[in-house]
Amino acid sequence: MPTVSVIIPVRDGAPYLGEALQSILDQDLADIEVIVIDDGSSDDSAAIARSIGDRDSRVKLVVNRGQGIVDALNLGISLARAPLVARMDCDDVSLPDRLRLQVACFAADPDLQLLGTAGLQIDRDGKPLRPMDVPIGNGQLRDALAGYNPMLHPTVMFRTEAVQRAGGFRRAFTYAEDYDLWLRLSETGKLANMDGRLVKLRSHPGQVSRVKKDQQKAAAALARQSALLRRSRAEPFDAGDQPAEAIEAFLAWRAATGVNISSLERRDIELLLRTPGIPLAITCKLLLLAVAGAPSFRTLAFGLRLAWLRTIARPAKMRPN
């Protein structure tokens, strides 16, 4: 049994995959397995992983046929043989001592479930851009977690059993599936970040955080609201649904409660209403809840922003030829 299973999902990552894999194989912790999940690549990604696997038996290629990042990650976790799983993206680079240092932290703290690190942002050519700092310590991390995702996903290592017990990644939170999982893990155990910059994270035009920016913000908003709801009731949507369906179900439930929108909800509701296809009736009800009672200027402005977002989100009318 390996000490660590490294999961690397890839879709059309041929330009950087070889370097990413080599950085893992060059770790000073050699007792590892590397599971590459090819999520429907149309380039040479699978061929690159297969070629490296032919030279190093620690690398295993699994074909997922474009089922999406959540299914790819869950498939990798189901195949992992090690008690610890490390995440890695196909365009990033891990420093040689990354896995060894993280494993040592888990060995020293049986309560630790999830551990990330600081990072260094690099450009497409590998040149340094800026340091990427993260909050350190369980308390500081939990405070940050309530407002944003304070962990760099490609740097994390987690206990396999803890993530399986939590239900793994969930499709409704695609593009912020990591944030949702960290929130759930924080409810049952200890989280931490290391201040060492142990991963180089590549910035380039094709990455998800740029291409799917609005969807990522909406998914993160849903994750925050879901975490709040879990304290008092079950989530009012199916976490196995596609993101747009889950968001609409949540907003419909929220509108039906008849409770005024609080200042804590304002930002998240606005982000969720950017999702295309939200029915007008739900949007109008939420606008009323935003301005009900004796609203402040900020609440009135929020209502106006919702109205504007609903207007610009309408599909363009078909014009006759």
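C105 is partly exposed, with a relative accessible area of 28%, where partly exposed covers the range between buried, under 20% relative accessible area, and exposed, over 50%, for a 1.4 Å probe and protein chains only. C284, at 35% relative accessibility, also counts as partly exposed, and a search of the whole structure finds zero disulfides, a disulfide being a pair of cysteine sulfur atoms within 2.5 Å. This is a predicted model, in which local features need pLDDT of at least 70 and side-chain atom pairs count only at pLDDT 80 or more, while totals for chains, interfaces and linings use all residues. Residues are numbered from 1 along each chain as its sequence is written, and side-chain values use heavy atoms, with hydrogens and water left out.

**Strands and their pairing**

- Strand β4 covers residues 84-87, with L84 and A86 pointing one way and V85 and R87 the other way, and all of them are buried; strands here are DSSP runs of E with at least two residues, helices are runs of H or I with at least four, and both are numbered from the N terminus.
- Strand β1 (residues 4-10) runs parallel to β4 and is joined to it by four bridges, two strands being counted as a pair if DSSP finds at least two bridges between them.
- Strand β6 (residues 112-122) pairs with strand β7 (residues 128-132) over four bridges in an antiparallel arrangement, in which G119 has M132 of β7 as its bridge partner.
- The hairpin of β6 and β7 has five residues between the strands, and G126 in this hairpin takes a positive phi near 90°.

**An enclosed helix**

- Helix α7 is largely enclosed by the rest of the structure, because 10 of its 10 residues are buried.
- The buried residues of α7 include the charged residues E177, D178, D180 and R184, and Y179, W182 and L183 are also among them.
- These buried residues pack against α3 (69-79), β6, α5, α6 (160-166), β9 (190-202) and α9.

**The second largest pocket**

- The second largest pocket has a volume of about 370 Å³, and of the 15 residues that line this pocket, L145, A146, R224, L228 and R231 are the closest to its centre.
- A pocket is found on a 1 Å grid over the protein atoms alone, as an open set of points with protein on both sides within 12 Å along at least five of seven lines, whereas a cavity is a set of points where a 1.4 Å probe fits but cannot get out; lining residues have an atom within 4 Å of a point.
- Grid points are joined across faces, edges and corners, and a volume is the space filled by probe spheres set on the points.
- At least two residues of the lining of the second largest pocket come from each of α5 (138-145), α7 (177-186), α9 (213-229) and α11 (263-272).
- By class, this lining has six nonpolar, three polar and six charged residues, where Ala, Val, Leu, Ile, Met, Phe, Trp, Tyr, Cys and Pro count as nonpolar, Asp, Glu, Lys and Arg as charged, and the others, Gly among them, as polar.

**Loop residues and backbone angles**

- D12, found in the loop between β1 and α1 (14-25), has a positive phi of about 55° although it is not a glycine, and at 36% relative accessibility D12 counts as partly exposed.
- R65 lies in the loop between β3 and α3, with a phi near 55°, a positive value in a residue other than glycine, and R65 counts as exposed at 68% relative accessibility.
- G66 is found in the loop between β3 (59-63) and α3, and at 35% relative accessibility G66 counts as partly exposed.
- Leaving aside neighbours within four places in sequence, G66 is in contact with R11, D39 and G40, contact meaning heavy atoms within 4.5 Å.
- G66 and P135 are 69 residues apart in sequence, and from C-alpha to C-alpha they are 34 Å apart in space.

**A residue of helix α10**

- A249 has its place in helix α10 (residues 243-257) and is partly exposed, with a relative accessible area of 28%.
- Apart from neighbours within four places in sequence, A249 is in contact with P236 and F237.
- A249 and S42 are 207 residues apart in sequence and 34 Å apart in space, C-alpha to C-alpha.
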